[in-house]
Amino acid sequence: MARYDRAITVFSPDGHLFQVEYALEAVRKGNAAVGVRGTDIVVLGVEKKSAAKLQDSRSVRKIVNLDDHIALACAGLKADARVLINRARIECQSHRLTVEDPVTVEYITRYIAGLQQKYTQSGGVRPFGLSTLIVGFDPYSGVPSLYQTDPSGTFSAWKANATGRNSNSIREFLEKNYKETSGQETVKLAIRALLEVVESGGKNIEVAVMTKEGLRQLDEAEIDAIAAEIEAEKEATEAAKKAPPKEK
Amino acid sequence: MKLDTSGLESAAPVWGAPSELVDGFSAAPSFEVPNTTDFDGFQKEAIQMVKPAKGTTTLAFIFKEGVMVAADSRASMGGYISSQSVKKIIEINPYMLGTMAGGAADCQFWHRNLGIKCRLHELANKRRISVTGASKLLANILYSYRGMGLSVGTMIAGWDETGPGLYYVDSEGGRLKGMHFSVGSGSPYAYGVLDNGYRYDMSVEEAAELARRSIYHATFRDGASGGVASVYYVGPNGWKKLSGDDVGELHYEYYPVMPSTVEQEMVEVGGA
């Protein structure tokens, strides 16, 4: 096995590209990111490792926008993310210039995934070590979308998804609890999912909301408030579970 | 006159051919300046040399029901009429038309090429390309060949999600959005009739008749236009050819021969 994982352009005998799989490992070590799609809104939430005291937390934005109507969150190597984001931003503007239309979410996802794939089939380079969650609204049709790409260059659309640390548990939670929601309900669902694996509190998660009007980052106080609501609801359901047997 | 171009040299070192993968922003671009005597004027001379006049009449206009596109069908080489039956309205795809003015080969080839690009766009993005996008693709291609002798004066007419669309695109790289255009040597005459009779809320038949008459009048006065006046309509369901009338016949339809009254008739003089 050691012979087949040095170079990206070498297949192993059983059909693996080890470098790509190692890149996926890097993603699994990255911070958790979750995305949930509602009927009129898409929500992105990212785990924030507690900031060092002297660090200016405003400079470490984990959810970025690629254009007025498209936002991206990722898990994995943040330096690789910067390069990918810059190229995607340029492509968004280039598309506006050549066809006089903003990109659709699918188009820019396809572009980013294509870029990630290119780096799995060239000599002397390594794959990007990140998976992205791309959200946005298509121009004109106004349909909200959530897409995910990974280091191998595959992409697909999702109703809700997670990537990064503990993404399996988050995805399980979402599979159990997902239903069509809109507005604040979607935000709550996303935060609930993230809080499964992250310590509660506005300090530890970054949440952004994409509506037809654009991207809005929620500030700490708002997140704290919603987290408190979620806690209260959890306690209420716990209490309700314990109460009925007594009433009988 | 050798110009001092040291200011144009780029300061950054160039590491061989910049790889697309490695860096998107390598050395600042620098360009070579041509070695001519008349630096400011030589381009104009070159263009004038290759610029053939566009002997044709084509027109298109947007109205309430959609877009009306019409053209003549004469091809001329100087004073020689080489054909009376040239198809100057090119069907890019079932919902977009292009008109031909200028070099016939250039127009046909690049419209065909545009049709391919539009189809690829549809396949990749699962939706039709807009008229805006299609015209921009063509304009960008023509701009990149600017000064190399392409002669294309075309109108891209179509119907997309935003409704009817009409753009004028030419080989200088210009691209204009508008409600009415006429291109070619007969266009002044066509504009006269078109501007006079145009109303936004015409019916399809009225608009077709206006287009037909405009082409006819242009062919009447312009020697480089003639043949058949074709009229196409682009609506929400795509384009449809409405008519193709020989302009000679149209002439007698519009101006039928009146038997003139004779004051005196010559009488046969009988006898020797």
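Colleague: In which loop of chain A does A:T181 lie?

Modeller: Please bear in mind that this is a predicted model. A:T181 lies in the loop that runs between helix 4 (167–177) and helix 5 (184–195) of chain A.

Colleague: Is A:T181 buried or exposed?

Modeller: The cut-off for buried is under 20% relative accessible area. A:T181 has a relative accessible area of 8%, so this residue is buried.

Colleague: Which residues does A:T181 touch, leaving aside those up to four places away in sequence?

Modeller: A:T181 touches A:G38, A:T39 and A:T186. With A:T186 there is also a polar contact between the side chains, at 2.9 Å.

Colleague: Let us turn to the interface. What is the area buried between chain B and chain A?

Modeller: Interface size is often expressed as the accessible area lost when the parts come together. Between chain B and chain A about 1300 Å² is buried, and carbon and sulfur atoms give 49% of that area. The contact involves 15 residues from chain A and 16 residues from chain B.

Colleague: How many salt bridges are found across the interface of chain B and chain A?

Modeller: Two salt bridges are found there.

Colleague: Which elements give two or more residues to the side of chain B that touches chain A?

Modeller: They are helix 2 (104–125) and helix 3 (131–144) of chain B. Helix 3 of chain B provides the largest share, five residues.

Technical notes. Residues numbered from 1 in each chain as written. Chains lettered and ligands numbered in written order. Predicted model: local features only at pLDDT ≥ 70, side-chain atom pairs only at ≥ 80, totals over all residues. Heavy atoms only, no water. Helix = DSSP H or I, 4+ residues; strand = E, 2+ residues; numbered from the N terminus. Buried < 20%, exposed > 50% of the residue type's maximum accessible area, 1.4 Å probe, protein only. Polar contact = N/O pair within 3.5 Å; in protein donor to acceptor, adjacent residues only side chain to side chain. Contact = heavy atoms within 4.5 Å. Buried area = accessible area lost by both parts, 1.4 Å probe. Salt bridge = Lys/Arg side-chain N within 4 Å of Asp/Glu carboxyl O.
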